[in-house]
Amino acid sequence: MSGGHFGNCGYDYYKVAQFADELEHEIECNGKVNEYGDKHDYDPDVIDYLEAQIPKLRKMAEIMRHIDYLYSGDHGDDSFLLRVKEVEAKYD
């Protein structure tokens, strides 16, 4: 499957998944000094909220990928709905 219909072949769903990965890393580093001497020290309520967003971002990235595949001709109606239902079940 190739995708690439949306975003001038920029694979925007990958950017969303990468954002989730980077956010997860930043959360792990909360309260720690980084290699540049900077430190983010966010309130635990903020961290809890951010952590709750990670699975939502990952879910959306997967759905975006399947939408891209649909419009690229890599999915038909049936396979698209099947894949999206699998993603929904995975994150529910």
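With which side chain does the side chain of Glu62 make a polar contact of 2.9 Å? The partner is the side chain of Lys90. The model is predicted.

- Glu62 is a residue of helix H2.
- Its relative accessibility is 16%, so Glu62 counts as buried, the limit for buried being under 20%.
- Besides the contact with Lys90, the side chain of Glu62 makes a polar contact of 2.7 Å with the side chain of Tyr91.
- Leaving aside residues up to four places away in sequence, Glu62 touches Val87, Lys90 and Tyr91.
- Val87 is one of the buried residues of H3, whereas Lys90 is exposed and sits on the face of H3 turned away from the buried side.

- With a relative accessibility of 6%, His66 counts as buried.
- The side chains of His66 and His75 are joined by a polar contact of 2.8 Å.
- Not counting residues up to four places away in sequence, His66 touches His75, Phe80, Arg83, Val84 and Val87.
- Phe80, Val84 and Val87 are the buried residues of H3.

**Helix H3**

- H3 runs over residues 77-91 and has 15 residues.
- From first C-alpha to last, H3 reaches 22 Å, close to the 21 Å expected at 1.5 Å a residue.
- Which residues of H3 are buried? They are Phe80, Val84 and Val87.
- The face turned away from the buried side carries the exposed residues Asp78, Lys85, Ala89 and Lys90.
- Ala89 has a relative accessible area of 55% and is therefore exposed, the limit for exposed being over 50%.
- The C-alpha atoms of Ala89 and Ala17 are separated by 18 Å, and the two residues are 72 residues apart along the chain.

**Helix H1**

- H1 has 17 residues, which should span 24 Å at 1.5 Å a residue; the end C-alpha atoms of H1 are 25 Å apart, which agrees.
- The buried residues in H1 include Tyr13, Val16, Ala20, Leu23 and Ile27.
- They cover an arc of only 75° around the axis, which means that they are on the same side of H1.
- Tyr14 and Glu28 are exposed on the other side of H1.

**Largest nonpolar core**

- Which residues make up the largest nonpolar core? It has 5 residues: Ala20, Leu23, Ile27, Ile47 and Ile54.
- H1 and H2 are the elements that give two or more residues to this core.
- H1 provides the largest share, 3 residues.
- Ile47, one of the core residues, touches Ile27, Asn30 and Tyr42, not counting residues up to four places away in sequence.

**Aromatic pairs**

- How many aromatic pairs does a search of the whole structure find? The search finds 2 aromatic pairs.
- One of them joins Tyr11 and Tyr13, edge-to-face, at 5.8 Å centre to centre and with 85° between the planes.
- Tyr11 has 30% relative accessibility and so counts as partly exposed, whereas Tyr13, at 13%, counts as buried.
- Tyr13 also pairs with Tyr69, again edge-to-face, at 6.5 Å centre to centre and with 85° between the planes.
- Tyr13 lies in helix H1 (residues 12-28) and Tyr69 in helix H2 (residues 44-72), so this pair ties together parts that are 56 residues apart in sequence.
- Both Tyr13 and Tyr69 are buried.
- Through these ring pairs, Tyr11, Tyr13 and Tyr69 are linked into a cluster.

Definitions and conventions
Residues are numbered from 1 along each chain as its sequence is written. This is a predicted model: local features need pLDDT of at least 70, side-chain atom pairs count only at pLDDT 80 or more; totals for chains, interfaces and linings use all residues. Side-chain values use heavy atoms; hydrogens and water are left out. Rings of Phe, Tyr and Trp (its six-membered ring) pair if their centres lie within 6.5 Å; planes under 30 degrees apart count as stacked, over 60 as edge-to-face and the rest as tilted. Buried means under 20% relative accessible area, exposed over 50%, partly exposed in between (1.4 Å probe, protein chains only). Helices (H or I, at least four residues) and strands (E, at least two) are DSSP runs, numbered from the N terminus. A polar contact is a pair of N or O atoms within 3.5 Å; within protein, one must be able to donate a hydrogen and the other to accept it, and residues adjacent in sequence count only if both atoms are side-chain atoms. Contact means heavy atoms within 4.5 Å. The expected span of a helix is 1.5 Å times one less than its number of residues. A nonpolar core is a set of buried Ala, Val, Leu, Ile, Met, Phe, Trp, Tyr and Cys residues joined through side-chain atoms within 4.5 Å. The arc is that of the directions from the helix axis to the C-beta atoms.
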